[in-house]
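Here's a quick briefing to read alongside the coordinates. Have the viewer open and go through the topics one at a time.

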Amino acid sequence: MTTTMRAAVCVSAGGPEVLEIRELPVPAVRPGWSLVRVAGAGLNRSELRTRQGHSPSVRFPRVLGIECVGVVAVSTDPSVPDGTTVAAVMGEMGREFDGGYAEYALVPNSLLMPVASTLPWEVLAALPETYLTARGSLDALGIEPGGRLLIRGGTSSVGLAAASIALGHGVETAATTRRPDKVSALTVAAVDHVLVDAGGSLAGPVHDVWPEGPDYVLDLVGASTAVDSLRLVRRGGIVCVSGSLNGWLLPNFEPIAMIPTGTRLTAFHSDTIKGSVGTAVLQRIIHEVEAGAYRPNVDRVFGLSDIVAAHRYMENNEATGKVVAVP
């Protein structure tokens, strides 16, 4: 095995140009950690925000990437031998230690998710963070067949994944996009009602579809829309905030004044189903994609050497679905 590797290193907080391709030593294996030859890494907006300097705990230089898929090159876990196809997600990847934007990643054994897959690497790489978040969010909402689900941020990778899963559960869906040129993507995803979000409250368009409001709202926009989502959902309905497309904090949030009586507010974070907890869930997702039940929604694949262009593409909100980087 080679002793050096190519990696995209975030050298400081800033714009996409702070990501530099460098030749680094392949990480040395140590007890409790295994070396993964990375075959693909899904890109996420949390990495964009870390690169911008919004993750106070992160120290630069750092190889970003909160997820990856690949093959175990050197294992220290007898239950996951060399050559096993694995995914790894969260657990401070790309934050406390170097992540998936590299040819090799040294990963704690607790994060390894061994899976069987016939999918191309770029498709498999699009699934872990996106579909685990979508699945976990819908579970947090407690969706049931016949229910009505509003997805805010519908053309994001998680939004499209959630629509795909909801379709298989017999849930009536509405989804929003702020760009009219992305309406067709939601139509192709078999969303029942496509709503163009022009800013401000969605009360009018949503109540035109469902006069009493949706039963569930999956809010992937986050800070700027969460309070409005609480007003949109029917009394006794549930809002789950799982995204930060527009930031992480709710300024001046007053729960008693802003959460209608009986309405429930929850959240989902994919760190709760990392490692062994999420392995079976991810394997089921892979089977559903292989069977054609779920659409992986890969928007664009970039080579690792084009990581600056990939981040610029993501930052400009050009993607409809998942952006993937391959070494």
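R30 puts its charged end over the ring of W33, 4.0 Å from the ring centre; a charge sits over a ring if NZ of Lys or CZ of Arg is within 6 Å of the ring centre and within 35 degrees of the ring normal. R300 lies over the face of Y313, at 5.0 Å from the ring centre. Keep in mind that this is a predicted model, where local features need pLDDT of at least 70, side-chain atom pairs count only at pLDDT 80 or more, and totals for chains, interfaces and linings use all residues. Residues are numbered from 1 along each chain as its sequence is written, and side-chain values use heavy atoms, with hydrogens and water left out.

**Aromatic pairs**

- The structure holds 3 aromatic pairs, counting rings of Phe, Tyr and Trp (its six-membered ring) with centres within 6.5 Å; planes under 30 degrees apart count as stacked, over 60 as edge-to-face and the rest as tilted.
- One of them is Y131 with Y294: the centres are 5.7 Å apart and the planes are at 15°, so this pair is stacked.
- The pair ties together distant parts of the chain, 163 residues apart, with Y131 in helix 3 (residues 128-141) and Y294 in the loop between helix 9 (276-290) and strand 15 (298-303).
- Helices (H or I, at least four residues) and strands (E, at least two) are DSSP runs, numbered from the N terminus.
- Y131 is buried at 0% relative accessibility, and Y294 is buried too, with a relative accessible area of 9% (buried means under 20% relative accessible area, exposed over 50%, partly exposed in between, with a 1.4 Å probe and protein chains only).

- 3 strands make up an open sheet in the order 2-1-4, with antiparallel pairing; two strands pair if DSSP finds at least two bridges between them.
- Strand 2 (19-25) and strand 4 (62-63) are the edge strands, each pairing on one side only.
- Strand 1 (residues 4-10) and strand 2 run antiparallel and are joined by 7 bridges.
- R6 stands opposite E23 in strand 2.

- Most residues other than glycine have a negative phi, and most peptide bonds are trans.
- F60 and P61 are joined by a cis peptide bond, with omega about 0°, and P61 is in the loop between helix 1 (45-52) and strand 4.
- M90 isn't a glycine, yet has a positive phi of about 60°; M90 is in the loop between strand 6 (85-89) and strand 7 (104-108) and is buried, with a relative accessible area of 5%.
- A190, also not a glycine, has a positive phi of about 65°. A190 is in the loop between helix 5 (183-188) and strand 11 (193-196) and is partly exposed, at a relative accessible area of 30%.

- A search of the whole structure turns up 1 cavity of 30 Å³ or more; on a 1 Å grid over the protein atoms alone, a cavity is a set of points where a 1.4 Å probe fits but cannot get out, and lining residues have an atom within 4 Å of a point.
- The largest cavity holds about 40 Å³ of space, the volume being the space filled by probe spheres set on the points, which are joined across faces, edges and corners.
- Its lining includes V38, G40, A41, Y101, L304 and P327.
- Strand 3 (33-42) and strand 16 (322-326) each supply at least two lining residues of the largest cavity, and strand 3 gives the most, with 3 residues.
- The lining of the largest cavity divides into 9 nonpolar, 2 polar and no charged residues (Ala, Val, Leu, Ile, Met, Phe, Trp, Tyr, Cys and Pro count as nonpolar, Asp, Glu, Lys and Arg as charged, and the others, Gly among them, as polar).

Conventions. On a 1 Å grid over the protein atoms alone, a cavity is a set of points where a 1.4 Å probe fits but cannot get out, and a pocket is an open set with protein on both sides within 12 Å along at least five of seven lines; lining residues have an atom within 4 Å of a point.
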